[in-house]
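Open the model in your viewer and keep the selection panel at hand. The tour goes strand by strand, then moves to the helix.

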Amino acid sequence: MVPFRSAAPPTRPTRDASGGFTVTEMLVAMMLLTIGALALYHSMSASGTLAENGDRHATATRLAASELEKARALPYTSVAMKVATAGATYFEGATQVTDATNGRILPTSSKPLGGVTYEIERYVTWRSATVNGTPVSQAFKQVTVIVAWTDAAGSHDVRSSTALSRTTSP
């Protein structure tokens, strides 16, 4: 017996439709990948900005702490604002401690660090207290340091204070 042969030419085997991606599927996948990459880029950029702001705040805090340590290291009688002439000036309602000859604390200065200029303000004020039920004016000195800076995000400041008394000062 002779096998039956068809008169039609042989055809190529048909390709299964699940064997690859269509152009539309590729475009959708590329679009989703692009959106994900952009979201990742923006979050990384924002975290870098937050890290910079945190570093600047930490620098300002260290500057304020350093200024307070300098004030604590002074003899109690020298903890006063260095001014041209002594007189009653006020900071937040309290009389400032001023001394034209012996005052060692400068009212203001600036310090450039890492491309940012930090403005440092210092204040020494008298504070009252009640000792054994008796009010005492000028019982101790309070040193306040304000460190301010401006960057692309705006103006910022850090404030720190310490109290100094005759019994704890050198």
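**First stop: strands 5 and 6**

Select strand 5 and strand 6 (residues 116–131): six bridges join them, and they run antiparallel. Strands here are DSSP runs of E, at least two residues long; helices are runs of H or I, at least four long; both are numbered from the N terminus. Two strands count as paired if DSSP finds at least two bridges between them. Pick T108 next: E121 in strand 6 stands opposite.

Now the turn. Strand 5 and strand 6 make a hairpin with two residues between them. G114 sits in that turn, with a positive phi of about 60 degrees.

**Before going on**

This is a predicted model, where local features need pLDDT of at least 70, side-chain atom pairs count only at pLDDT 80 or more, and totals for chains, interfaces and linings use all residues. Residues are numbered from 1 along each chain as its sequence is written, and side-chain values use heavy atoms, with hydrogens and water left out.

Color by pLDDT, the predictor's confidence in each residue, from 0 to 100. The chain mean is 87, and 85% of its residues reach 70 or more. Among the elements, strand 8 has the highest mean (96) and strand 4 (residues 98–99) the lowest (86). Where pLDDT is low, the predicted coordinates should not be read in detail.

**Across to strand 7**

Strand 6 pairs with strand 7 in the antiparallel sense over 12 bridges. Click V124: V143 in strand 7 is its bridge partner. The hairpin of these strands, strand 6 and strand 7, has two residues between them, and N132 takes a positive phi near 50 degrees.

**On to strand 8**

Strand 7 and strand 8 are antiparallel too, over 11 bridges. A hairpin joins strand 7 to strand 8 through two residues. Select D151 and find G154 opposite, in strand 8. Then take T150, whose bridge partner in strand 8 is S155.

**Zoom out**

In what order do the four strands form the open sheet? The order is 5-6-7-8, with antiparallel pairing. Strand 5 (108–113) and strand 8 (154–164) are the edges, each pairing on one side only. From one strand to the next, the twist averages 25 degrees.

Show helix 1 (residues 23–73). Helix 1 packs on the sheet and touches strands 5, 6, 7 (134–151) and 8; contact means heavy atoms within 4.5 Å. The direction of helix 1 makes about 145 degrees with that of strand 7. Axes are lines fitted to C-alpha atoms, for helices over the stretch in contact, and angles run from 0 to 180 degrees between N-to-C directions.

**Along the helix**

Display the side chains of E52 and R56. They meet in a salt bridge at 3.9 Å, N to O; the rule asks for a side-chain nitrogen of Lys or Arg within 4 Å of a carboxyl oxygen of Asp or Glu. E52 and R56 are four residues apart in helix 1, so about one helical turn separates them. By this rule the count is six salt bridges.
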